[in-house]
Amino acid sequence: MTTLAWQKRPTEDLAHLAWCILVAVGLARQEGKALSALQTHMFIMQWLLTAQKHKLFSRTLAQDIIWLQEQGKRYGVSARLYSKVEYIWFASSGELTQQSTLFRFTYMIDTLRTMGWIDWLMSAMEWEDKVKLAGDVCAIYTPKDELHQVFTDKGELIRPMELRLTGDISGIPALLAQCHLTAERLEDDEGYAVFRLLPEPFREYPQTQT
């Protein structure tokens with residue numbers, strides 16, 4: 001199982017790299033290219049190869065370019081390189097802080113999935129029974145029924161929401177910080193690591209009546 005190894009850091013150079021890729025894809029689409037997911041994937045992979053070959057960016061970005069290439073080679077179209085680059089742009093430029101909590105939470109989940117994590121939306125019964133995958137599998141478990149209760153239509157978190165995780169969680173605090181999500185670590189519960197996602201700023205909200 002792939003372990004989360006969050007290496008991205010907010011810098012002007014990284015934001016510039018991401019912006020260049022997004023602009024290149026945008027121009028390609030205007031020309032009728034990179035319209036499908038596969039075409040977009042192939043375009044970005046070729047763009048990265050060209051940038052690497054001609055040394056278009058500073059050496060400080062070499063690891064980032066290689067990382068994107070490795071993700072593309074390993075996961076193919078499912079690597080969702082465009083989404084990754086878009087996320088890097090948001091995180092590096094500071095634009096991510098302007099997005100809703102739901103938007104940032106979704107980016108965190110998407111990042112984990114592309115790192116090989118399993119995203120399990122649990123039913124109320126599964127949550128109550130504390131069902132989990134066998135073995136030391138890297139997975140994040142979200143209470144499906146709570147999502148519509150704790151997030152508003154605008155994506156604002158109005159009540160705390162618990163998340164359960166299994167596997168290697170060493171990179172989770174850094175990822176939460178990178179996504180500008182406020183969360184607190186709770187005591188482990190029957191083999192789960194537990195984090196509580198908090199509204200920003202945190203306020204106590206009354207329980208929704210069911």
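Me: Why is Arg 113 called partly exposed?
Reply: Arg 113 has a relative accessible area of 38% in this predicted model.

Me: What makes the contact between Arg 113 and Asp 119 a salt bridge?
Reply: The N to O distance between the two side chains is 3.3 Å. The cut-off is 4 Å, so the pair qualifies. Asp 119, at 27% relative accessibility, also counts as partly exposed.

Me: Which residues does Arg 113 contact, leaving aside its neighbours within four places in sequence?
Reply: Arg 113 is in contact with Arg 80 and Asp 119. As for Pro 160, it is 47 residues away from Arg 113 in sequence and 23 Å away in space, C-alpha to C-alpha.

Me: How do you know that Glu 31 and Lys 33 form a salt bridge?
Reply: Their closest N and O atoms are 3.6 Å apart, and the rule asks for a distance within 4 Å, so this pair counts too. By this rule the count comes to seven salt bridges.

Me: Why do Glu 31 and Lys 33 fall into separate accessibility classes?
Reply: Glu 31 has a relative accessible area of 56%, and exposed begins over 50%, so Glu 31 is exposed. Lys 33 has 48%, which lies between 20% and 50%, so Lys 33 counts as partly exposed.

Me: What do the side chains of Glu 184 and Arg 196 form where they meet?
Reply: They form a salt bridge, with an N to O distance of 2.7 Å. Glu 184 sits in strand β4 (residues 183–189) and Arg 196 in strand β5 (residues 192–197), so the pair ties together parts that are 12 residues apart in sequence. Glu 184 and Arg 196 are also bridge partners in the strand pairing. Glu 184 has 29% relative accessibility and Arg 196 has 27%; each value lies between 20% and 50%, so each residue counts as partly exposed.

Me: Why is α1 called oblique to α4?
Reply: The axes of helix α1 (residues 12–30) and helix α4 (residues 81–93) come within 8 Å and cross at roughly 135°. Roughly antiparallel needs an angle over 145 degrees, and roughly perpendicular runs from 65 to 115, so α1 is oblique to α4. The crossing is left-handed. Residues that meet here include Leu 14, Trp 19 and Leu 22 in α1, and Tyr 82, Val 85 and Trp 89 in α4.

Me: Why is Gly 72 placed in its accessibility class?
Reply: Gly 72 has a relative accessibility of 4%. Buried means under 20%, so Gly 72 counts as buried. This residue lies in helix α3 (residues 62–75). Beyond its neighbours within four places in sequence, Gly 72 is in contact with His 41, Met 45, Ala 79 and Leu 81.

Me: Is Thr 101 buried or exposed?
Reply: Thr 101 stands at 8% relative accessibility, which is under 20%, so Thr 101 counts as buried. It lies in helix α5 (residues 101–114). Not counting residues up to four places away in sequence, Thr 101 touches Phe 151, Gly 155, Leu 157, Leu 181 and Glu 200.

Definitions and conventions
Residues are numbered from 1 along each chain as its sequence is written. This is a predicted model: local features need pLDDT of at least 70, side-chain atom pairs count only at pLDDT 80 or more; totals for chains, interfaces and linings use all residues. Side-chain values use heavy atoms; hydrogens and water are left out. Buried means under 20% relative accessible area, exposed over 50%, partly exposed in between (1.4 Å probe, protein chains only). Helices (H or I, at least four residues) and strands (E, at least two) are DSSP runs, numbered from the N terminus. Two strands pair if DSSP finds at least two bridges between them. Axes are lines fitted to C-alpha atoms, for helices over the stretch in contact, and angles run from 0 to 180 degrees between N-to-C directions. Angles under 35 degrees count as roughly parallel, over 145 as roughly antiparallel, 65 to 115 as roughly perpendicular and the rest as oblique. A crossing is left-handed if the near helix is turned anticlockwise from the far one by less than a right angle, and right-handed if clockwise. Contact means heavy atoms within 4.5 Å.
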